[in-house]
Amino acid sequence: MSTRFPIARLALRSIASRRASAALTCCAVALSVLLVLGVQEMRESARQSFASTIAGTDLLVGPRTSGVNLLLYAVFRIGQPSNNVSWQSYERFAAAPGVDWSIPLSLGDSYRGHAVVGTTEAYFRHFRYGRDSRLEMTAGQAFGAGTEAVLGAAAARELDHDVGDEIVIAHGLGATSFLKHDRHPVTVTGILAPTGTVADRAVYVSLATLDRVHETATPSFAPAPADDGGHDHGTAAESGEITAFLLGLESRVQVLRLQRTINEYADEPLTAVIPAVALFELWSVIGVAENALLAVGALAVLTGLVGMLVAILGTLNERRREMAILRSVGARPRQVFLLLVSEAGLLAGAGALLGVALKTAVLGALASPIQTRTGILLESVWPGSAEAVVVAVVTAAGLALGALPAWRAYRNSLADGMTIRL
Amino acid sequence: MTSAIRLAASLALLLAASSAPGQDAPKLTWEEMVPAKTSSDPLAVTSSAPVLALDGRTVQLPGFIVPLESDEGGLISEFLLVPYFGACIHVPPPPPNQLVYVTLEEAFNLVSLQQPYWIEGTLQVEEYSSEVADSHYTMRAERISKYNY
Amino acid sequence: MMHDATQNGPPPVLAATRLRFGWQPSAPLLDIPALAIAPGEKVLVRGASGSGKSTLLNLFAGILTPVTGTVSLLGTDLSALRGAERDRFRAEHLGIIFQLFNLLPYLPVLDNVLLPCRFSARRLARARASDGSEEAAAHRLLAELGLPDAAPASAAQLSIGQQQRVAAARALIGNPEIVIADEPTSALDEDSRAAFLALLQEECERVNATLIMVSHERSLEPLFDRVIPMRELTGGTP
């Protein structure tokens, strides 16, 4: 030690001599910081991923249901459609005056845990995501007239498929289904570039392919079912139904009028929803949960810090002699105060930095599996301004909490002088 | 001498006030956006065409927001401004001259669909004459603020 | 500043004049009309436990201020100084030895001895002047006190007698003018007591420091130049 900053070095020595309990305190703070930062990161990435899933679409139309529900099952593929839209209604509105393009969607099948989306090549031409970004292929091309499929980026990676592979589509929406459409294997013709959304997880086929594949639905050893097992097929030719469709208009201003027309359509109960409005409503619901999560995280940090405070207060009595010794060699009461406050600040700061390191490590390791499983892209695994703010706040909180025992020590050192009887 | 200084000062103030962007853009009402009836016949239908004279006017207009496009952060970048809440659902949609198609430089954070806002910007009239699109108002909004009842 | 009229020669290192102190105004604990201690004296203040010895030391060290009267160290009136100045004065001119637990447990012996040099530039300078560096001064003092190899050890590894000697080294580093000791031998066994005191006094003489010690033990009286019974300082009936 030199004469400069004797207190800082005393603080470091003091912590070093209580290594074990200091390390535990740091870990407690670090874990709670990890919780806050990790939740924050997941929250924002999930929000971004969801919000980017669809763009540039004026109306989403499906059977009569709530707008949020339709958005969830038709676009996010969360939940099950319970009803369908007739092909006639689709054709009627796809051809309505003012409609620029339309994309039909047929859901209900799966391939090894990935949703199969029946659609037309209009999907690849008109579908937009993020900030009005177009879909792009990293390999191959869109499906054509044959029994062909296009894979989303995450689907291709997880299933380890490439252009030219053959896949077999299963009945129903489960990971395994025992009614497989074996007789018509589907050839992969293209793989999409990653979008960072749930679209990456799907397998896209033409409506005609779905029809073909459903032509012989009954495997040889099972009795022919009276209905098709209660699954929603939703293919155009067989049952003349699709799940939902997307519309793009020539003039966005027409959207309210067309929406009303569709909602009041007498021939079939339909719901038309503006995706941006449904998304906004979805956020209002999720937003409450998000805020609750954030509050929990903040409380966790506070708990870690209070644990540190308790540890320091516990040692305070033992340290009265130490304070008296320091006073006797000429330390001022203010320096005694600073000693304890800086110890608390150091522990809190070190714990926060450790928490940031943990978060980087944990999210770095989990980023790829998360993207594969959910399509969510973790944007900022490396420390950024959010982390800097959390470290600063936690350190400041540690200093503030440390002021309590430090104040007591300050008062004690004035009163004790040299008269402590131990 | 002092009166000259005073004159100069008040001129300067006047210039400053008038060049302040949108400080006091005139407030527009939705009624003004409908052309006045040309005939005195009470059964005559109100026109759904926009008032051409409003083209290029910088105004403040209050209304409810129907989002059309949001960015990755969930902020709204394009919307329709309508005079009443529930234009999507409960009641017939407003005629073309009772809504404004608004775009924003900077996407903003919409608080709630039921919260009305003051939108300030320069109105444009876009003319169409096809069966699929009507002439309507558009605006590039410069300022948005919450409407306080 | 008043010199004690009974002394001739150099000015006293410590002078108390009409000094009164008590925790309650109605019951003064200490009442000293006049006290002067000359430079280089070895003084024992002897009194029973609880008689106010430690309070007296606190007053001498400037940790407590008198209710009335003055305490002057080296000609400086302590109560005229502000708190921070008194702390600095103490760091620069005083070495203090407690009865027990003198050492910071998380510093090695060497750093414990060096503590006064961290808080007083003057002590640091004087240590460097006398031995070239403060570490050298510390090593020399430890050797003279019989602990030549103790520097890297931690306080926990030393016996009480050894700890007290380290405390003495710390009190002496940088040549303070006054060494104050609060019952430093009470925790030592009989054989060690005399030895410790001999060492302490020898060191004080080497640098011409004044030693003021309080204790309850009569057996120590012969070892000191001057013995002041506590009752002379409490204003009570002798």
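Predicted model: local features only at pLDDT ≥ 70, side-chain atom pairs only at ≥ 80, totals over all residues.
Residues are numbered from 1 along each chain as its sequence is written, while chains are lettered from A and ligands numbered from 1 in the order in which they are written.

Strands here are DSSP runs (E, at least two residues), as helices are (H or I, at least four), and both are numbered from the N terminus; two strands pair if DSSP finds at least two bridges between them. Strand β3(B) is also joined by five bridges to strand β5 (residues 136–146) of chain B, and these two run parallel. Within β5(B), Thr138(B) stands opposite Tyr101(B), and Met139(B) is the bridge partner of Val102(B). In general, strands of a sheet pair through backbone hydrogen bonds, either parallel or antiparallel.

Taken together, the strands of chain B form a closed barrel of five, in the order β1-β2-β3-β5-β4, with mixed pairing. Neighbouring strands of this sheet are turned against each other by 50 degrees on average, direction ignored, where the axes are lines fitted to C-alpha atoms (for helices over the stretch in contact) and angles run from 0 to 180 degrees between N-to-C directions.

Chain B also meets chain A, in a contact that takes 24 residues from each of these chains; two residues are in contact if their C-beta atoms, placed from the backbone, lie within 7 Å. Strand β1 (residues 58–70) of chain B gives the most to the side of chain B that touches chain A, with five residues. That side of chain B divides into 16 nonpolar, four polar and four charged residues, where Ala, Val, Leu, Ile, Met, Phe, Trp, Tyr, Cys and Pro count as nonpolar, Asp, Glu, Lys and Arg as charged, and the others, Gly among them, as polar.

Chain C touches chain A as well, with 29 residues of chain C in contact with 18 residues of chain A. On the side of chain C that touches chain A, at least two residues each come from α1 (53–60), α2 (83–93), α3 (109–119) and α4 (121–131) of chain C, and by class this side has 19 nonpolar, four polar and six charged residues.
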